[in-house]
Amino acid sequence: MENGAPLSRARGKGWLFYVTGTITVTNAYTGNPDFVFEGFTIGVNSAAINRGVPAGVSRDFYGDLRVGAPDLGADEVVLNVFLPITLRDF
Ligand SMILES: [Ca+2]
């Protein structure tokens, strides 16, 4: 999108809605977004991780908390750690 280009429409939660406004791009950053699933969920290798700016939005599109520096876009990557279970006889 061009710097200063007007927004014409956007998608969200299955809705197509129209918005107005102007985007001003500063500190442009490029990289692989590593999109997964429906297209705005980012993967653990995404260049968008921690590249957003705080905008007073504490949760992402899915309701997950924004952690540390916000990730770019609608999704905040959530890393799950799975610990192994060891069974032992006493
Ligand atoms: Ca983050």
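A residue is termed buried if 20 or more other C-beta atoms lie within 10 Å of its own, exposed if 12 or fewer do, and partly exposed in between, with C-beta atoms placed from the backbone. The structure is a predicted model, in which local features need pLDDT of at least 70, side-chain atom pairs count only at pLDDT 80 or more, and totals for chains, interfaces and linings use all residues. Residues are numbered from 1 along each chain as its sequence is written.

**Figure 1. Overall layout of the protein chain.** The protein chain contains zero helices and four strands, in the order β-β-β-β from the N terminus. Helices (H or I, at least four residues) and strands (E, at least two) are DSSP runs, numbered from the N terminus. Of its 90 residues, 10% count as buried. Among contacts with a separation of 6 or more, 18% are between residues 24 or more positions apart; two residues are in contact if their C-beta atoms, placed from the backbone, lie within 7 Å.

**Figure 2. Confidence along the protein chain.** The mean pLDDT (the predictor's confidence in each residue, from 0 to 100) is 82 for the protein chain, and 81% of the residues score at least 70. Confidence is lowest in strand E1 (residues 10–12), with a mean of 53, and highest in E4, with 91.

Figure 3. Asn27 occupies the loop between strand E2 (15–17) and strand E3 (35–36). Although Asn27 is not a glycine, its phi is positive, at about 50°. Asn27 is exposed because 6 other C-beta atoms lie within 10 Å.

Figure 4. The segment after strand E4 (41–42) includes Asn50. Asn50 likewise is not a glycine and has a positive phi, of about 60°. With 14 other C-beta atoms within 10 Å, Asn50 is therefore classed as partly exposed.

**Figure 5. Close-up of Asn45 and Asp34.** Asn45 is located in the segment after E4. A distance of 6.3 Å separates the C-alpha atoms of Asn45 and Asp34, which are eleven residues apart along the chain. Asn45 has 12 other C-beta atoms within 10 Å and is therefore exposed.

**Figure 6. Close-up of Asp71 and its contacts.** Asp71 also belongs to the segment after E4. Because 21 other C-beta atoms lie within 10 Å, Asp71 is buried. Not counting residues up to four places away in sequence, Asp71 touches Ile42, Ala48, Ile49, Asn50, Arg51, Gly52, Glu76 and Val77.
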